[in-house]
Amino acid sequence: MTTDSPWRRPDFRMLFTATAFSQLGSAVGHVAVPLIAVTALEADAGQVGLLATLSTVAFLLIGLPAGAWVDRMHHRPVLIAADLARALLFASVPLAWALDALTLGQLYAVVLVSGCATVFFDVASQSVLPALVGPGGLVRANSAVVSLQAASQVGGRGAGGVLVQLLGVPVALVCVAALHLASALRLTGMRAAAPTQRVALVGGNRGLRTEIAEGLRHVLGHRELRALALSAAVTNLGIQMLNTLLPVLFVRELGLSAGALGVYLAVGAMGVFIGARCADRLAGRLGLGRTLGAAGLCMAPGALLIPLIDRGPWLWLASAGWLLCTFRVGVGNVLAVSLRQRLTPDPLLGRMNATFRFMLTGALAVGSAAAGLIGQYAGVRYALWTGGCCVALALLPVLLSPVRGRRELPQQAVVAPERVRGQVAQG
């Protein structure tokens with residue numbers, strides 16, 4: 001589908017390397033933080049659910065204004081500041097551990113504030129990418145980034161479980177802080193990506209609320225973007241319900257090790273990696289819309305295998321279902337992200353990305369809270385079945401939208417300044 005190589009762009013290589021460090025740190029932290037809550041602070045299902053909720057709730061709290069702010073800013077300082085903040089926050093946990101002062105309250109604060117930093121990092125990195133690689137390299141660049149994220153999760157989550165099991169949580173979290181610091185240092189070599197003409201096109205000093213509303217209208221008023229957002233949000237809701245209580249299920253109910261949890265999560269990340277690597281080729285043969293639809297149909301039965309997880313053969317069966325689900329996520333993360341970037345004019349990229357992150361990561365927060373409540377009052381298995389059903393139904397918005405008939409990516413969206421100042425919804 002594309003011909004230009006993003007690897008010829010030095011700034012993309014720097015962003016890619018920095019993202020590798022950042023993603024690996026986040027993957028290790030994803031395993032280490034809930035495990036320290038369960039093993040050292042004896043957190044129950046409700047408290048683990050709250051911890052997962054706070055790690056993503058920042059996208060609900062500041063996700064939309066962050067997009068408008070990023071549209072006005074140079075991207076490099078935003079990315080560097082976000083990584084430095086996360087490095088300091090995660091470094092505080094092993095320090096408190098050493099002083100015998102670690103509490104659940106501190107873990108709650110760390111994941112909440114680091115989540116705020118992640119909001120800005122994610123929105124800025126997705127918004128700067130089209131300018132760094134150009135339209136011809138966009139799918140390949142997104143495929144590389146999604147593959148990187150998956151590979152980091154394979155290595156990071158597996159390494160997180162092993163580090164916690166062999167060396168303890170403090171070492172794992174020191175590694176998390178060091179990786180975010182390395183990302184920030186790498187980003188200092190990237191040229192400062194300016195907001196170019198975005199401020200002029202959107203009216204400069206207009207109110208923040210007006211600019212946020214334009215981003216919302218662009219996504220929710222566009223039939224294809226709306227379908228992509230709804231499908232991804234339902235997927236995230238279900239997957240987060242499946243993931244939130246895994247530490248409780250593995251360690252407490254099934255008596256499995258932290259290493260086994262890390263391996264299971266790594267299997268899912270491998271599915272994302274395979275899906276991302278196959279996405280461009282599949283879309284070239286089947287068409288973009290058919291590829292997204294077929295991948296969704298593969299995901300549906302896999303999602304209903306996950307709640308069967310248990311010791312022995314059931315663990316392998318659930319892992320196979322998890323692999324199918326995450327394969328679809330990998331395909332969607334490449335093709336759907338590329339499609340929404342090409343359907344959005346440059347002046348709205350930050351707000352479009354922020355709107356998607358608000359909906360998608362907000363769904364993670366809701367899924368974490370729902371899993372904690374269901375797990376606390378009805379049982380862990382009920383939470384797993386609820387999440388599996390959500391994931392199985394997530395393909396419907398795309399199948400019922402014009403996306404299913406789209407053969408390839410459109411030309412880069414262009415919007416006149418007067419249209420940006422007014423109604424920007426399409427379709």
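Tutor: Contact means heavy atoms within 4.5 Å. This is a predicted model, where local features need pLDDT of at least 70 and side-chain atom pairs count only at pLDDT 80 or more, while totals for chains, interfaces and linings use all residues. Residues are numbered from 1 along each chain as its sequence is written, and side-chain values use heavy atoms, with hydrogens and water left out.

Student: Which residues is leucine 384 in contact with, leaving aside its neighbours within four places in sequence?

Tutor: Met241, Leu242, Leu249, Pro307 and Ile309. Leucine 384 itself sits in helix 16 (residues 380-393). Helices here are DSSP runs (H or I, at least four residues), numbered from the N terminus.

Student: What makes leucine 384 count as buried?

Tutor: Buried means under 20% relative accessible area, exposed over 50%, partly exposed in between (1.4 Å probe, protein chains only). Leucine 384 has 2% relative accessibility, so leucine 384 counts as buried.

Student: How far apart are the C-alpha atoms of leucine 384 and threonine 244?

Tutor: They are separated by 9.4 Å, though the two residues are 140 apart along the chain.

Student: What is the angle between helix 10 and helix 14?

Tutor: Helix 10 (residues 223-244) packs against helix 14 (residues 313-342) at about 150°, with axes 11 Å apart. That makes helix 10 roughly antiparallel to helix 14.

Student: Which residues of helix 10 meet helix 14?

Tutor: Glu224, Leu225, Leu228, Ser231, Thr235, Ile239 and Asn243. Their partners in helix 14 include Trp322 and Arg328.

Student: What makes a set of residues a nonpolar core?

Tutor: The residues must be buried Ala, Val, Leu, Ile, Met, Phe, Trp, Tyr and Cys, joined through side-chain atoms within 4.5 Å. The largest such core has 89 residues, and Leu228 and Leu335 are among those with the most contacts inside it. Helix 14 gives the largest share of this core, nine residues.

Student: What does leucine 335 touch, not counting residues up to four places away in sequence?

Tutor: Ala279, Ala283, Leu288, Thr291 and Leu292.

How values were computed:
Axes fitted to C-alpha atoms, helices over the stretch in contact; angles between N-to-C directions. Helix = DSSP H or I, 4+ residues; strand = E, 2+ residues; numbered from the N terminus. Parallel < 35°, antiparallel > 145°, perpendicular 65-115°, else oblique.
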